Amino acid sequence: MDKVVSLRWFLGIFTAAFVLFLYGPFIVMGILSFQQGPEGGPQFPIIEWSTYWYQHVFGLAPPSRIAPLPIGEALIRSLTLAFATMVVSTVMGVLTAQAFRRPFRGSGIVFYSVILGMIVPGVLLGLGMVLLANQVGIDRNWWSTAFVLHVVYTYPFAFLVMLAIFNRFDESVEEASLSLGVSPAKTFRKVTFPIIFPGVLSAMLFAFTLSYDEFPRTLFTGGSDVTMPIAIYGTFAVEIHPNLFAFGVISTLFSFSLLAVYGILLTLSIRRQNQRASGLQEDIT
Amino acid sequence: MRSNKGTWLLLSPGIIWIMLFLVAPLIMMIYVSFWTQTTFSIKPDMTVASWVNFFSSDTYFGALLRTVRIWFTVLVVTILVGYPVALYIGQFIKNKTLQTALLVTCVIPFWTSFLIRVLAWRPMLGKEGAINIVLQKIGIIDAPIEVLLFTELSVIIGMVQIYVVFMVGPIAFMIGRIDGSLIEGARDLGASTWTIFRRIILPLSMPGVIVGAIFVTVMVLGEFATASALSGRKVNLLGNIIITQVGSLKWAFAAVAGVVLTVVMATFVAIMLRIVNLRNQL
């Protein structure tokens, strides 16, 4: 038994070290984002604590030799693209998962070809798409060639999430509604959709964040109007400055607020469902 | 009962999308790899010149070997680092809420921009970076370690940190699913901790390791950003080769590198899928 206890301690300490390994770079980045500017570089020691680089990101700092990050338009493009990708891939994910509720011939090959979209590395797909676009004679744009690849990438995630939801779905509720003479469309809206809503929300979150952060697929296919990650990548080539760290902190906070919105929506939907269920029960008794 | 026609109607948007924007580009890539490449243009005349060029050039073939070496190192390290963590989360934490909280803690960094995560290693590993400063303060080293940044090592460290989560998740999931009474039974029958691990936990967690290995493989083999950001463009993977070739409009070479990458990846994934059926694990 002693062996188990010491093993537990070893693994516990190992896991703690692991979490430190995961978060270490962020902590360092967060600290360095408060470096003095514009002379302070992206390394220790901190010359003087300041919020200069945050002002720099928002374009509030006095002009200096360090060019401001090319955000603004790039951010709008990224958000638009992420939103469109989210809508299309979630709808397609729901449709495909709905089809998978009944066994059908060829389901294996369809399953794996959909999954292929999230597995094939972005560089390869981007390259293939550029070659295809050149061949057909289509211009490369973030809203065309890049957009379709974003959907190829996020649609499998939406599909898998919905598949998992439908696997645990009690079909008798739906059947009851149908046998009571409710139309299929109304059944989907009133019965099926509220049950699968948490899954839809997760699929949307996945699709949005993946697309917003997508980079290798967009690099070749995005054309000359850059999205946010491409703009960041552009600054890699030259010397880096703490303004990138400040931007990193801001974008991390943005992601967390997105995650928080998701959490709130999910809790609300579960609570409403519970209320409705108990309300229904009262009606019956 | 819905008809078969209804099923295909529901499937059609997805299938059409995948055909046009996933299958067609990949076929196009294979096709273009056999085109004739000249300095300024590319012609659809079939030739294997680019292929011969790729395998006879030290730069390209060397990049292939380097890619395989780095991928394999990262894969082994993510298993060695990820497995104990997954074991701890899956077996030693009985409280479900705490278990979920720990897993979420591991996933949270995933919600930060990928490029920012890569970049965050720069002030960590540099000559005047956090690791060197801390080690010098404690007195473990006298002079800063210089091999930490802009080497193959920094690329491996960066990749392990970014992709290890994809190893921890599936393994922890499989270990968490193991029936506790199985382990209790074995212990009652006098099995040692090591035997329990070797005979019960390890085999039952194997599908998790395989799924994790597939995730890590496809992501590491398609990498180029980590390599260029953390090696100062000194370590060139096949992904970097593709980027440079596309940059100089050498489409056929880029396509050859792409097909080679696809073959390596597909071979590994196919072998792994023979061992475990992904669909049954969902």
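**View 1. Val81(B) is partly exposed in helix α3 of chain B.** Val81(B) has 19 other C-beta atoms within 10 Å, and is therefore partly exposed. (A residue is buried if 20 or more other C-beta atoms lie within 10 Å of its own, exposed if 12 or fewer, and partly exposed in between; C-beta atoms are placed from the backbone.) This is a predicted model: local features need pLDDT of at least 70, side-chain atom pairs count only at pLDDT 80 or more, and totals for chains, interfaces and linings use all residues. Residues are numbered from 1 along each chain as its sequence is written, while chains are lettered from A and ligands numbered from 1 in the order in which they are written. The helix that holds Val81(B) is α3, residues 58-92 of chain B. (Helices are DSSP runs of H or I with at least four residues, strands are runs of E with at least two, and both are numbered from the N terminus.) Leaving aside neighbours within four places in sequence, Val81(B) is in contact with Phe18(A), Val160(B) and Val164(B). (Two residues are in contact if their C-beta atoms, placed from the backbone, lie within 7 Å.) Val81(B) and Gly169(B) are 88 residues apart along the chain, and their C-alpha atoms are separated by 12 Å.

**View 2. Chain B has 14 helices and two strands.** Its C-alpha trace spans about 75 × 70 × 30 Å along the principal axes. Chain B has 282 residues, and 45% of them count as buried. Consider the contacts in chain B with a separation of 6 or more: 70% of them come from residues 24 or more positions apart.

**View 3. Helices α11(B) and α14(B) pack at an angle of about 175 degrees.** Their axes are 10 Å apart. (Axes are lines fitted to C-alpha atoms, for helices over the stretch in contact, and angles run from 0 to 180 degrees between N-to-C directions.) The two helices are therefore roughly antiparallel to each other. (Angles under 35 degrees count as roughly parallel, over 145 as roughly antiparallel, 65 to 115 as roughly perpendicular and the rest as oblique.) From α11(B), the contact includes Ile210(B), Ala213(B) and Leu221(B). From α14(B), it includes Leu261(B), Phe268(B) and Ile275(B). By class, this contact has twelve nonpolar residues, one polar and no charged. (Ala, Val, Leu, Ile, Met, Phe, Trp, Tyr, Cys and Pro count as nonpolar, Asp, Glu, Lys and Arg as charged, and the others, Gly among them, as polar.)

**View 4. Helix α2(B) passes α14(B) in a right-handed crossing.** (A crossing is left-handed if the near helix is turned anticlockwise from the far one by less than a right angle, and right-handed if clockwise.) The angle is about 65 degrees, and the axes are 9 Å apart. Ser50(B), Trp51(B) and Phe54(B) in α2(B) meet Ala252(B), Phe253(B), Val256(B) and Ala257(B) in α14(B). Six of the contact residues are nonpolar, one is polar and none is charged.

**View 5. Helix α3(A) packs against helix α1(B).**

**View 6. The contact between the chains takes 63 residues from chain B and 72 from chain A.** On the side of chain B that touches chain A, α1(B) gives the most, with 17 residues. That side divides into 45 nonpolar, 14 polar and four charged residues.

**View 7. Phe150(B) and Leu249(B) each have a positive phi.** Most residues other than glycine have a negative phi. Phi of Phe150(B) is about 65 degrees. Phe150(B) is in the loop between α7 and α8 of chain B. Phe150(B) is partly exposed, with 19 other C-beta atoms within 10 Å. Phi of Leu249(B) is near 60 degrees. Leu249(B) is in the loop between α13 and α14 of chain B. Leu249(B) counts as exposed, with 12 C-beta neighbours inside 10 Å.
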